[in-house]
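Thank you all for making time this morning.

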Amino acid sequence: MIVTKDRSGWIGASDTAMVMGNWRTPTWHKWWAIKLGIVRKDLTTRAMLAGTYYEHPILDALGVRKRDRQIRIRRLRLRVNLDGEDRRIHEVKTYGKETFKVTKAYWQQAQVEMFAARKPLCINAYRLTEAEYGNFFLPIDPERLSEHPVDYDPRWIREEYLPRLRILAKALKKGVYPDESLR
């Protein structure tokens, strides 16, 4: 777990849904203000906090020792935090529902991680109980772990993600709101 309070100046793999989303919403504007360094407050929920605290115990339960590596692609202002062995990336996700689903946002994040690392990825999902949301120090139950490999889609990266990321990288370098003139 790389804990960096300052999210400004860089776009992470976990930001992919924002990169691909509607740039005209109030939520997007708040996110962009964080990226520009105008606002320091991060958009954190109870579920995100639990996921952060449980990430290392889950990796321990999986036997994953290599973790907290960061890849930076400066020209794209892309900063990707990774966990995993030499052969693949382990992306930990926690959830509270009965079944885990690889959502569009998770799939997109996985694509960016694989793009940056040039390695395959699997999502390791762990279902949290209400007790775990209230106490971040409970032991991991291996029965609630599941593995979800994600296939890499270079066409999506090339044709959909990178054009939008390049616009945002230019805007970030200039410290402005992105518009069509930055293409």
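I start with arginine 144 and glutamate 132, whose side chains meet in a salt bridge with 2.7 Å from N to O. The two partners come from distant parts of the chain, because arginine 144 sits in the loop between helix H5 (130-134) and strand E6 (145-150), while glutamate 132 belongs to helix H5, and the two are 12 residues apart. Please keep in mind that this is a predicted model.

Are these two residues buried or exposed? Arginine 144 has a relative accessible area of 15% and glutamate 132 has one of 2%, and since buried means under 20%, both count as buried.

A search of the whole structure finds 11 salt bridges, and I would like to show you some others. The side chains of glutamate 160 and arginine 155 meet in a salt bridge at 3.2 Å, N to O, and here glutamate 160 is partly exposed, with a relative accessible area of 33%, as is arginine 155, also with 33%. Arginine 158 forms a salt bridge with glutamate 159, where the closest N and O atoms are 3.9 Å apart, and glutamate 159 is partly exposed at 48%. Through salt bridges that share partners, Arg155, Arg158, Glu159 and Glu160 are joined into one network.

Let me turn now to a pair of strands. Strand E2, residues 69-73, pairs with strand E3, residues 78-82, in the antiparallel sense and over 5 bridges; within this pairing, isoleucine 71 has valine 80 in E3 as its bridge partner. The two strands form a hairpin with 4 residues between them, and in the turn arginine 77 has a positive phi of about 55°.

Which side chains does glutamine 70 touch through polar contacts? Glutamine 70, which is found in strand E2, makes a polar contact through its side chain with the side chain of arginine 72 at 2.9 Å, and another with the side chain of asparagine 81 at 2.7 Å. Glutamine 70 is itself partly exposed, with a relative accessible area of 28%.

The structure holds 1 cavity of 30 Å³ or more, and the largest cavity contains about 70 Å³ of space. Its lining includes Arg69, Leu82 and Asp83, and the lining residues divide into 2 nonpolar, 1 polar and 8 charged.

Notes: Residues are numbered from 1 along each chain as its sequence is written. This is a predicted model: local features need pLDDT of at least 70, side-chain atom pairs count only at pLDDT 80 or more; totals for chains, interfaces and linings use all residues. Side-chain values use heavy atoms; hydrogens and water are left out. Two strands pair if DSSP finds at least two bridges between them. Buried means under 20% relative accessible area, exposed over 50%, partly exposed in between (1.4 Å probe, protein chains only). A polar contact is a pair of N or O atoms within 3.5 Å; within protein, one must be able to donate a hydrogen and the other to accept it, and residues adjacent in sequence count only if both atoms are side-chain atoms. On a 1 Å grid over the protein atoms alone, a cavity is a set of points where a 1.4 Å probe fits but cannot get out, and a pocket is an open set with protein on both sides within 12 Å along at least five of seven lines; lining residues have an atom within 4 Å of a point. Grid points are joined across faces, edges and corners, and a volume is the space filled by probe spheres set on the points. Ala, Val, Leu, Ile, Met, Phe, Trp, Tyr, Cys and Pro count as nonpolar, Asp, Glu, Lys and Arg as charged, and the others, Gly among them, as polar. A salt bridge is a side-chain nitrogen of Lys or Arg within 4 Å of a carboxyl oxygen of Asp or Glu.
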